[in-house]
Amino acid sequence: MLDKSVILVGYSGHSYVVIETALENGFTIVGYSDKDKINVNPYNLTYLGFEKSKDFMGWDYNASFVLGVGDNKLRQIIANFIESEGKKVETLVHKTANISKSVSLGSGIFINKNVVVNALTVVGKNVILNTGCIIEHECVLQDSVHIAPGAVLAGNVSIGERSFIGANAVIKQGVNIGKDVIVGAGSVIIMNIPDGKKVVGNPGRII
């Protein structure tokens, strides 16, 4: 097989932008994994079965994996399983993204178009940095975080595992966001947020 062969895990919605970035970066997608064969197949991909089933054909390929799943918890579970099988989960960075050379990137990350990540930021495993978001200096994003399109994290912001920052939300410099937090679209967060909370509004309030 080709050196840059990958298998897509999850084939709908978010996966479409992952597919296009993978292709633009020179990867060949040999097929996809999902619980069932998908009826809508806009990229004409081959169904290889479900990665946790006995008849999954993907293990037979000399290929790594890319994550097409948007859900934070599910993405983390899938990535951990694939790595437990001795396979690599690729990080994909769109060519238009601007990533400082001092940034630390984990495995399984997806960085979409026009994203900016500035100096000394640490990005954990399986993170999604979606279209046009801005991550300023010295931020820490733990594993399986999703930063939605247009969101802005000012400097020294910390985001806990599996948290979701909605589209066009703004997080004030130095704020700490806990694990499994949901920040609503357009919210402005000026205070620390504990684990497991939902926050909306300007200024953000816990609901």
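1. D180, at 28% relative accessibility, counts as partly exposed; buried is under 20% relative accessible area, exposed over 50%, and partly exposed in between, with a 1.4 Å probe and protein chains only. D180 lies in the loop between β18 (176-177) and β19 (182-183). Its phi is near 55°, a positive value in a residue other than glycine.

2. The model is predicted, and local features need pLDDT of at least 70, side-chain atom pairs count only at pLDDT 80 or more, and totals for chains, interfaces and linings use all residues. Residues are numbered from 1 along each chain as its sequence is written, and side-chain values use heavy atoms, with hydrogens and water left out.

3. The protein contains two helices and 22 strands; these are DSSP runs numbered from the N terminus, helices being H or I of at least four residues and strands E of at least two. The radius of gyration of the protein is 17 Å, which agrees with the value near 17 Å for a compact globule of 207 residues; the radius is taken over C-alpha atoms, and the globule rule is 2.2 Å times the number of residues to the power 0.38. The C-alpha trace spans about 50 × 35 × 30 Å along its principal axes. Of the 207 residues, 46% are buried.

4. Helix α1 (residues 15-24) has S15, V18, I19, T21 and A22 as its buried residues. Their cover includes β1 (5-9), β2 (28-33), β3 (64-67), β4 (92-93) and β7 (110-111). After α1 comes G26, with a positive phi near 90°. In the loop between β1 and α1 sits G13, which counts as partly exposed at 48% relative accessibility.

5. The largest nonpolar core has 29 residues, and L129, I135, L141, I147 and L153 have the most contacts inside it. Such a core is a set of buried Ala, Val, Leu, Ile, Met, Phe, Trp, Tyr and Cys residues joined through side-chain atoms within 4.5 Å. A second, separate core of 14 residues includes A22, I29, F110 and I128.

6. Leaving aside neighbours within four places in sequence, I135 is in contact with V116, V117, N118, T121, L129, L141, I147 and L153; contact means heavy atoms within 4.5 Å.

7. V127, in the loop between β9 (122-123) and β10 (128-129), is buried, with a relative accessible area of 0%. V127 and I109 are 18 residues apart in sequence, while their C-alpha atoms are 4.8 Å apart in space. Beyond its neighbours within four places in sequence, the contacts of V127 include R75, I109, L141 and S144.

8. S144 belongs to the loop between β12 (140-141) and β13 (146-147) and counts as buried at 0% relative accessibility. Its phi is near 65°, a positive value in a residue other than glycine. Most residues other than glycine have a negative phi, and most peptide bonds are trans.

9. Q76, in helix α2 (residues 72-84), counts as buried at 13% relative accessibility. Setting aside neighbours within four places in sequence, Q76 is in contact with N126, D143, S144, E161 and R162.

10. A cis peptide bond joins N202 and P203, with omega about 0°. P203 is in the loop between β21 (198-200) and β22 (205-206).
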